[in-house]
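Here are a few friendly notes to read alongside the model. Take them one at a time, and find each residue in the viewer as you go.

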Amino acid sequence: MELRNLGRYRLLRRLEGSPSRSELFLAAHEEEEGAVRYVVKLLPPGPEETLPTRMALFEHEAKLLRAINHPSVPTLHGFGTQDGVTYMVMDYVDGVDLARLLGHDGDEALALDKELVVYIAAQLASALHHLHDMAEEEEDGSANPVDALHRDLCPANVFVSLDGDVVLGDFGAAGSRWLAAEHDTKTAGHTAYKAPERITGAGEANVGTELFALATMMWEMLRGERCFAAEDELKTMDAIVRFDISNSKSRITGLSSKLSEIVRRNLDR
């Protein structure tokens with residue numbers, strides 16, 4: 001796609017490593033000269049017959065971001081269609097994703113200091129708590145739960161800024177009561193961070209499976225290795241189903257009793 005203006009935002013360059021299902025561009029607002037503060041996300045490409053579902057998921061992501069008000073979730077600044085291109089505008093996080101910080105794109109995985117792991121996990125837990133507690137106010141003043149879930153919590157979707165902010169991104173696989181069932185992709189998400197019940201089909205995504213994904217990332221950050229990495233997706237799924245946190249080989253030494261219990265309880269089937 002040729003770079004252009006979308007709304008009042010000037011596209012600067014395509015972000016390297018953008019997921020294949022979407023295109024991301026760094027952008028600047030026309031009234032903020034020289035400031036690169038935004039990311040423009042375009043509607044994912046695909047066959048014409050899949051357009052209704054792709055559009056529904058894209059609009060659902062925008063609706064969630066518009067409703068969320070949390071420092072660890074990007075703010076939605078704009079949404080629209082121009083010249084046949086549907087787009088949304090979000091905050092740009094000047095930093096690195098957690099996958100790169102953990103060395104997932106190299107030959108050797110890396111561990112983080114325990115204090116940093118606790119800090120990152122606490123920000124993510126706060127964002128998830130806010131998401132899971134979202135509700136719409138009814139006319140009678142009662143609160144109707146939205147039943148929102150991220151469903152794709154993984155290091156590639158967590159960003160750590162140069163200022164120390166921790167941001168949970170990519171709500172494209174999220175689910176909620178706002179998403180029509182015919183467009184819902186309940187199996188979406190990175191396989192290596194899915195809970196066993198999602199792998200076997202015994203259960204769907206819920207608050208517990210989100211905590212399982214968070215605990216998996218904590219295990220990886222603390223231990224300095226992949227928890228469920230295998231040669232292929234089938235072997236990764238088998239590793240998740242067979243994983244036993246009570247096994248001594250699965251434990252992480254040197255943790256406080258509270259931190260150890262948090263990881264153990266949320267990785268326990």
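1. With which residue does E61 form a salt bridge? The partner is K41, and the closest N and O atoms of the two are 3.0 Å apart. Keep in mind as you look that this is a predicted model. E61 belongs to helix α1 (residues 51-67) and K41 to strand β4 (residues 38-42), so their pairing ties together parts that are 20 residues apart in sequence. Both E61 and K41 are buried.

2. K41 also forms a salt bridge with D170, where the closest N and O atoms are 3.6 Å apart. This pair links distant parts of the chain, with D170 in the loop between β11 and α4 (196-200) and K41 in strand β4, 129 residues apart. Are these two residues buried or exposed? The cut-off for buried is under 20% relative accessible area. D170 has 18% relative accessibility, so it counts as buried; K41, at 6%, counts as buried too.

3. Another pair to find is D184 and R151, whose side chains meet in a salt bridge at 2.6 Å, N to O. Because D184 sits in the loop between β11 and α4 and R151 in the loop between β9 (143-145) and β10, the pair ties together parts 33 residues apart in sequence. D184 is partly exposed, with a relative accessible area of 23%, whereas R151 is buried, at 7%. Elsewhere, R8, E30 and E31 are linked in a network of salt bridges. A search of the whole structure finds 16 salt bridges.

4. Now turn to helix α3 (residues 114-132). At 1.5 Å a residue, its 19 residues should span 27 Å, and the end C-alpha atoms are 26 Å apart, which agrees. Its buried residues include V117, I120, A121, L124 and L128. Seen down the axis of α3, the buried residues fall within an arc of 130°, so they line one face of the helix. The buried residues of α3 pack against α2 (98-101), β10 (158-161), β11 (166-168) and α5 (207-223).

5. Finally, step back to the whole chain. It has seven helices and eleven strands. A compact globule of 269 residues would have a radius of gyration near 18 Å, and the 19 Å of this chain agrees. Of its 269 residues, 44% count as buried.

How values were computed:
Residues numbered from 1 in each chain as written. Predicted model: local features only at pLDDT ≥ 70, side-chain atom pairs only at ≥ 80, totals over all residues. Heavy atoms only, no water. Helix = DSSP H or I, 4+ residues; strand = E, 2+ residues; numbered from the N terminus. Expected span 1.5 Å × (residues − 1). Buried < 20%, exposed > 50% of the residue type's maximum accessible area, 1.4 Å probe, protein only. Arc of directions from axis to C-beta. Contact = heavy atoms within 4.5 Å. Rg over C-alpha atoms; globule rule 2.2 N^0.38 Å. Salt bridge = Lys/Arg side-chain N within 4 Å of Asp/Glu carboxyl O.
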